[in-house]
Each structure stands twice: as structure tokens, then as C-alpha cells.
Amino acid sequence: MKTIQAILFDMDGTLVDSERVGQKAWAATADEMGIEIPDDLVRAFIGRPSQSCRAMLAEYLGGDADLANRVFDLHIELFLKFVETDLELKPGAIEVLEALKAAGFPLAIATSTARVRALPRLERFDMLKYFDSITCGDEIANGKPAPDIFVESARRLGCDPALCAVIEDSHNGVRSGHASGARVFMIPDIVRPRPKSRRCALRSCRPCTNCPPRSPLRTIHRRLAAHSPRLESGFSSAAVLGALGSRVLSIAGKPAGNEVGDFSPTSGSRKNCGRT
């Protein structure tokens, strides 16, 4: 099995606890607009770029694109307001990034959030310094669950996606990373793993004895160590991948067709990472 050379992180719901802020904003939006926005629809938005969410909202509202845009714009306004007071880091996020950096991994962000909103979020928690590349949802043609963002993120690192690990919290993100050819680690947040995700999971990760009890990402240490000798020592000092979710699923690293969607990697040259 190929050695992992780089780590590609989702941002919202994985490193920052923004999905719960988003849920609060959707509830406030529904109240202010006097409409119902089902929880299932809100959960379906997770991991998708805004243009895809707008289209889904318009379909739910009977094809009324103007109303959908007004609703979505109000949601963004309220979300940005709530972010100022409610947004928090996922516990252990900084320790994770410091450990991976110390181990010599190139790190990247691959987020569906537009750059104008993603950068302030990363700056707020002083995380920009950890990343060699940031790819945002407004910079690619097809958002998650298409593989484009992870293919592009790997390209910017000079890596083949097959040599990357993807860390994701959403089903759409898992499908995207999986279709890119990367090895995907799922840290379920608000959206629990679906049967399709479970079917392509190698197995549920088990605890690593070097990591604190009930540390949800503790077993990524062992799973990544199996693919990268750099993680075999010195990685536990960071309380390995410390507490970003309640369960971790390791997803098989090659595309599985309809099991995770019919997407295939976008065309373009690939090369191995220059770092070993």
C-alpha cells in the first residue's frame, strides 16, 4: 500500500465547530422568514458549496430562486453574526496540526467555504501558519461531492491524490475525497455515517493506547502510521488528533463507483510529493 505523503483537511466541522453555528443560523432564518427549513435539508447542505445549497433550497421552495436567494443571504448574514460570538475550535485541532507539521507533512485545507470567509476563520484561530496550501469552494468548478477540490488541493502541494490522506466530517466530503483517490478518514460531526460510507469503510477504528481515553481521533495515529513511517514515533505527544468528533471511520483509498457516487477524478497531470 502506498505511503501517505500529505494531509488534506476539511475545515468546517473538522477543525472549527462551524456546523452547529450554521444550524443555529438556519433556525433563526426560518423564524425570521416565517418558513420551515427541515433539519434534513440543512444536514444535506453540509460539505456542499453555497451555489449547490442555493439550488437545493430553491428546489425545496418550489423553484422560487428569488426567495431561495433571499433566504440564503439572510442565513449568511445571521451566520456571520453568530460566528463572532459562538464559533470555537474543535478540541485538539491545534495539537493535531502541530504534530503533523512536526512530523514533516505538507498540510492543506480543502474547504467548500469561499476564500473571503475561510481565511478570516483560519486567521481567527491562528491556523494559517500550519498550511502549505488553501483551496476554497469558489476556486473550483465542481464542489463536493465531486472530487475536484481534493484533486486541486493535492496538485497545489505537488502531490498525487493517491499519496494523500483526507480528513473529513461529512458524507459529501467523504465522497469527494474517496472519488479523488485519496485515503479518507471520516470524523463524523453533525451528520452520522450513512450506510454507503459504512460499506466502504475498512472498519471502525479502535483505540490507540498512547492517546487519551475517549479521544475521538486517537486511532488515526495507528491507521496513518500503517502508511507512513514518520508517524511511528513522536506522534503521541500531540494527544494524537485529539477530539474532533465522536467516532472515526477509515475509508478505503480507491474510488468505488456507485458506493460513494459516480464521480471520477478530474483530468490533469499528477506527480509524487517531493518530500519523503
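Helix α1 gives the lining of the largest pocket its largest share, five residues. Helices here are DSSP runs of H or I with at least four residues, strands are runs of E with at least two, and both are numbered from the N terminus. The model is a predicted one, so to speak of local features takes a pLDDT of at least 70 and side-chain atom pairs count only at 80 or more, while totals for chains, interfaces and linings use all residues. Residues are numbered from 1 along each chain as its sequence is written, and side-chain values use heavy atoms, with hydrogens and water left out.

As for the pocket itself, its volume comes to about 530 Å³. D12, E19, R48, H75 and T113 are the closest to its centre among the 30 lining residues. Two or more lining residues come from each of α1 (18-33), α2 (39-45), α3 (50-60), α4 (65-86) and α6 (115-124). A pocket is an open set of points on a 1 Å grid over the protein atoms alone, where a 1.4 Å probe fits and protein lies on both sides within 12 Å along at least five of seven lines; lining residues have an atom within 4 Å of a point. Points are joined across faces, edges and corners, and the volume is the space filled by probe spheres set on them. Sorted by class, the lining holds 11 nonpolar, 11 polar and eight charged residues (Asp, Glu, Lys and Arg are charged; Ala, Val, Leu, Ile, Met, Phe, Trp, Tyr, Cys and Pro are nonpolar; the others, Gly among them, are polar).

Now to the strands. In β1 (residues 6-9), A6 and L8 point one way, I7 and F9 point the other, and all are buried (under 20% relative accessible area with a 1.4 Å probe, protein chains only). Side chains in a regular strand alternate between the two faces of the sheet. Strand β1 runs parallel to β4 (residues 164-168), joined by four bridges, and A6 sits opposite C164 there. With β2 (residues 107-111), β1 pairs over three bridges, again in the parallel sense, and L8 faces A108. Pairing takes at least two DSSP bridges between two strands.

Helix α8 (residues 171-180) is mostly covered, with 10 of its 10 residues buried. After α8 comes G181, with a positive phi near 100°.

Overall, the protein has 10 helices and seven strands, and 58% of its 276 residues count as buried.

Technical notes: Buried means under 20% relative accessible area, exposed over 50%, partly exposed in between (1.4 Å probe, protein chains only).
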